[in-house]
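Trainee: I would like to go through the terms used for this model one by one, and to hear what each rests on.

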Amino acid sequence: MASATTTEEQLIAEGTLLDPVVHKHPRQFYAAMRKLDPVHYDKSIDMWLVSRWEDIQEIQRDPITYSVNKGYHEQQAKGFAAEFQQILREKGGGYFPDAIMSDPPYHTRVRKLMENAFTAHRVKELEPRIEAEVNGLIDEIEDRGEMDAVKDFAQPLTIRIICEQLGLDWDIKEKIARWSIAVTAQIGRMQDRAEMLEHAEQICDLQHYIIGKMRERQADPREDMISDLVHAKEGDGEGSVLTFEEAVSLVRALLIAGNETTATALSNLVYILATQPDVLKKLQDSVDDDKLMNRFVEELLRIEPPVRALSRMTTKEVELGGTVLPEGAHLLLMYASANDEPEVFPEPREFDMERKNIIKHVSFGGGVHKCVGLALARMEIKVAARQLVRRLKNFRLAIAEDDIAFLPTVATRTMESLPVTFEKVA
Amino acid sequence: MSGIAVTLTQQDGTVVGIDDAQQSESLMEAARRAGVAGIVAECGGVCSCATCHVYVAEDWIGKVGEPDEVEDEMLDMVDHIRRPTSRLSCQIRLSDELDGLEAEVAPDL
């Protein structure tokens, strides 16, 4: 097991993402990889960890050699794929393969049809509604003086905003967490048959719910993203609209993808407010300065990326960063490592809102698969930061920093809970 | 065929002339079709990434116009290379009025 005195050579020889110490303090491991073995084979998870910023760029520039589709579909419901698909066909309204987890040229069409729901201009129009949701939640907590920033703030806020944006009913809030677990369990995690059956049942429930909503919006469009997707159109003729199967898969993906990632970003926001008093002071002094707030959000995403890694699979033998990868190599793009690379971001652990290359972080991925919801995510974080800073002050961690626990997942770096204290601004 | 003519100067000094740009497209889309180096357009053209940044020629900025608030906020992220003539090319909708437009591709960060 790694310890504080472990040398970089030992970390490379013995370290793995699954090591609990590496999991809790991964940056030393990232630094050792970047220096000694930038494309590092982690045998405990049978994946290649890509640690350098430039190598990640190379992958993102070539979505054919480095496929999303191949890795995703090989992983899905591993071991039980046929049974899983049959259950969804029989009891879940259909089996809807994830249209966005695909490669060009198919991906290009689907992505284009999704984009109109997410333009920066569209998101700007949503700002007042997002602010109302943030304020409603702060109303509930401001007199308490303490909260768990994860369970009392980040998670409920994210779910409120998702329901609001997609046009879903607030009463599904209890179900979203179960649905998220069921959907994400189909990729990159081991589940036994009993778990697969339980998850399939949840996904059936989820699909019936969203299919019902989509039928309503087909007949009666409203100002929400489900309406945008079921009525999306680019050009004319075949392929100019989404098929119903594609649209179901996209609504499902938005409901799940926008949930945990954004909640993690909002938890990280409170963590920074509670641990970086100089940053908090700057925000308090300039809370009405939209440009400063935008830079704050970007630097927050760089320094604490919610998604620390995502995967690709090679479709042919290829050399990357001096390492020859075989066809079918499963890669993890270590965004958290790339964002921490001192050659790209000098003094990477300094929270510096004046960085010239502040938007070069890879927290939203890059290339054709760059996060489609990035403008919405930025807006949610900015509005949450602004209202927290306006209405509350003196944020402090209520536990020792070293006692913060993280969920046991490879893809995200998510705090389990974050108890903090604060005061109301008079 | 008749089209809108635009000229883009890459960072390496190469001048790329495009003569078949269409009314329906943005300057970014025309530049991507012509393979202009430095126009990455990573976000796909939704004003969210600043990788299609150009400096519009002085003579043309009046016709092209100023960035709106959303674009202005995005351009602020690249403040140190921003000029008064900076625009995100995905937000420049081509038209007959812009026939002959000239612009320079902004440097990488």
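Trainee: What percentage of the 109 residues of chain B count as buried?

Mentor: Of the 109 residues of chain B, 39% count as buried, a residue being buried if 20 or more other C-beta atoms, placed from the backbone, lie within 10 Å of its own. This is a predicted model, in which local features need pLDDT of at least 70, side-chain atom pairs count only at pLDDT 80 or more, and totals for chains, interfaces and linings use all residues. Residues are numbered from 1 along each chain as its sequence is written, while chains are lettered from A and ligands numbered from 1 in the order in which they are written.

Trainee: Why are the buried residues of α3(B) said to lie on the same side?

Mentor: In helix α3 of chain B (residues 69–76), the buried residues are Val70(B), Glu71(B), Met74(B) and Leu75(B). They cover an arc of only 135° around the axis, and therefore lie on the same side of α3(B), the arc being that of the directions from the helix axis to the C-beta atoms.

Trainee: What covers the buried residues of α3(B)?

Mentor: The cover includes α8 of chain A together with β4 (86–88) of chain B, where contact requires C-beta atoms, placed from the backbone, within 7 Å.

Definitions and conventions
Buried ≥ 20, exposed ≤ 12 C-beta atoms within 10 Å, placed from the backbone. Helix = DSSP H or I, 4+ residues; strand = E, 2+ residues; numbered from the N terminus. Contact = placed C-beta atoms within 7 Å.
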